[in-house]
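Here is a friendly walk through one protein chain.

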Amino acid sequence: MSDIISTGQQVFMENYKQLPLVLEKGEGNYVYDIDGNKYLDFVAGIATNALGYSYEPLKTAIKEQVDQLTHCSNLYYNKPSVEAAALLVKLSGLDKVFFCNSGAEANEAALKLAKRYTNVFVDEKKTKIVSMKNSFHGRTIATVSATGQTKYHEGFSPLFDGVSYTEFNNIDALETMIDEETAILMIEPVQGEGGIRPAEKEFLQKAREICDQKQVVLIFDEVQCGIGRTGKSFAYENFGIKPDIVSLAKGLGAGFAVGAIIASEKVSQGFVPGTHASTFGGNPIATTAAKVILEALDTGDLLAHVNHVSEHLKAGLEQLSSKYESIIDVRGLGLMMAIEMSEPVAPIVMAAMDKGLLLINSGTHVIRFVPPLTIEIEEIDAMLSILDSLLANK
Ligand code: PLP
């Protein structure tokens, strides 16, 4: 075992089950370990390195920004954060932006904004939160509480008060669950950690309708499915509706730590000076990265690429599914795809690594495919061929 791994095992807390691999370098859509072995990357830092590792405009912009200014706090404006926010507003059709540093923080901010808006402008008796079973919203106490999977709750009680979980894609259950005391409805348009499950259009449209009728703030968590991953800048564009607040992170920084929420003008009134803040939020390095990917979305070129290659990925996975009975479902949107298997997938993920392919599970029986959005057709074919050989040899 390498010294890095054994030292890591001594000095890190044991909250991660890390694979025995030390990554050192990225190039194109590949990563390399410290021994120079090359891996085709269908994980992308968990749906995060959206532009791969050799996107020149990103490298150049970051290098230039490092020479200019690395941090300045929110006491002052900085140009990259204003420009990135303006692009978020333009692309989302929403009105106001708050920057933070991660997905959990974005959801935390979304919950705080929705709570304060409701408390001040709607009705202070409306305090309840409804989220989905099987959802995932982050690891802070509030976002763990909003997460509809008990395995993430264990050992952390008492959780944040007043959260109920309703069945994803079940309109009747949603109608029953939301009452006069509900302040917030929180949904991932494509559930990520819950097994890559897209919402049904009718479900999200009904959710929007109920929220309008009952003055409930609708939050879409697009931390994993936003920023081009589904073939649209925002996943909600696939469903013909808009939330009141959308939360973002992961792909937004294309590998740099940045999160954000974008909200309607009306709901944004919930934040006034002193109500919320983040020292690093809007950091010029992080928002320079965001600006680069948002510009790539704005031109339409990146989305055209995602839509082109994702068809190929989907067709390839469906072909494997017709060949192997152990694949019981193929699902997803854009470059957020998955196969569900009749058996645990951990051995396949490990065997793929030995063959130079990085894969990631989502739960015990699902392999998800969330490569850089820059992935090419030949690389998809290479992944499918390795997966085919692993399934054939089982
Ligand atoms: N929300 C969703 C949908 C996610 O997939 C994740 C992370 O996987 C989070 C929130 C939390 O993001 P972070 O790990 O950046 O806090």
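Asn169 sits in the loop between E6 and helix H7 (171-177), where helices (H or I, at least four residues) and strands (E, at least two) are DSSP runs, numbered from the N terminus. Asn169 is not a glycine, yet its phi is positive, about 70°. Before going on, a word on the source: this is a predicted model, in which local features need pLDDT of at least 70 and side-chain atom pairs count only at pLDDT 80 or more, while totals for chains, interfaces and linings use all residues. Residues are numbered from 1 along each chain as its sequence is written, and side-chain values use heavy atoms, with hydrogens and water left out.

Gln215, in the loop between H8 and strand E10 (217-221), also carries a positive phi, about 50°, without being a glycine. In the loop between helix H6 (141-146) and strand E6 (163-166) you will find Pro158, which is joined to Ser157 by a cis peptide bond with omega of about 0°. For context, most residues other than glycine have a negative phi, and most peptide bonds are trans.

## The second largest pocket

The second largest pocket has a volume of about 780 Å³. Of its 27 lining residues, Asn74, Val97, Phe98, Phe99 and His276 are the closest to the centre. Helix H4 (79-92), strand E4 (96-100) and strand E12 (259-263) are the elements that give two or more residues to this lining. E4 supplies the largest share, four residues. By class, the lining has 15 nonpolar, 11 polar and one charged residues.

On a 1 Å grid over the protein atoms alone, a pocket is an open set of points where a 1.4 Å probe fits, with protein on both sides within 12 Å along at least five of seven lines; lining residues have an atom within 4 Å of a point. Grid points are joined across faces, edges and corners, and the volume is the space filled by probe spheres set on the points. Ala, Val, Leu, Ile, Met, Phe, Trp, Tyr, Cys and Pro count as nonpolar, Asp, Glu, Lys and Arg as charged, and the others, Gly among them, as polar.

## Salt bridges

There are 15 salt bridges (a side-chain nitrogen of Lys or Arg within 4 Å of a carboxyl oxygen of Asp or Glu). One of them pairs Arg208 with Asp212 at 2.8 Å, N to O. Both residues lie in helix H8 (residues 201-214), four residues apart, about one turn of the helix. Arg208 is buried, with a relative accessible area of 11%; buried means under 20%, exposed over 50% and partly exposed in between (1.4 Å probe, protein chains only).

Asp388 and Lys323 form another salt bridge, at 3.0 Å, N to O. This pair links distant parts of the chain, with Asp388 in helix H13 (residues 377-392) and Lys323 in helix H11 (residues 301-323), 65 residues apart. Asp388 is partly exposed at 21% relative accessible area, whereas Lys323 is exposed at 52%. Lys79, Glu83 and Lys291 are linked in a salt-bridge network.

## Helix H5

The 20 residues of helix H5 (residues 103-122) should span 28 Å at 1.5 Å a residue, and the end C-alpha atoms are 27 Å apart, which agrees. The expected span is 1.5 Å times one less than the number of residues. Among the buried residues of H5 are Gly103, Ala106, Leu111 and Tyr117.
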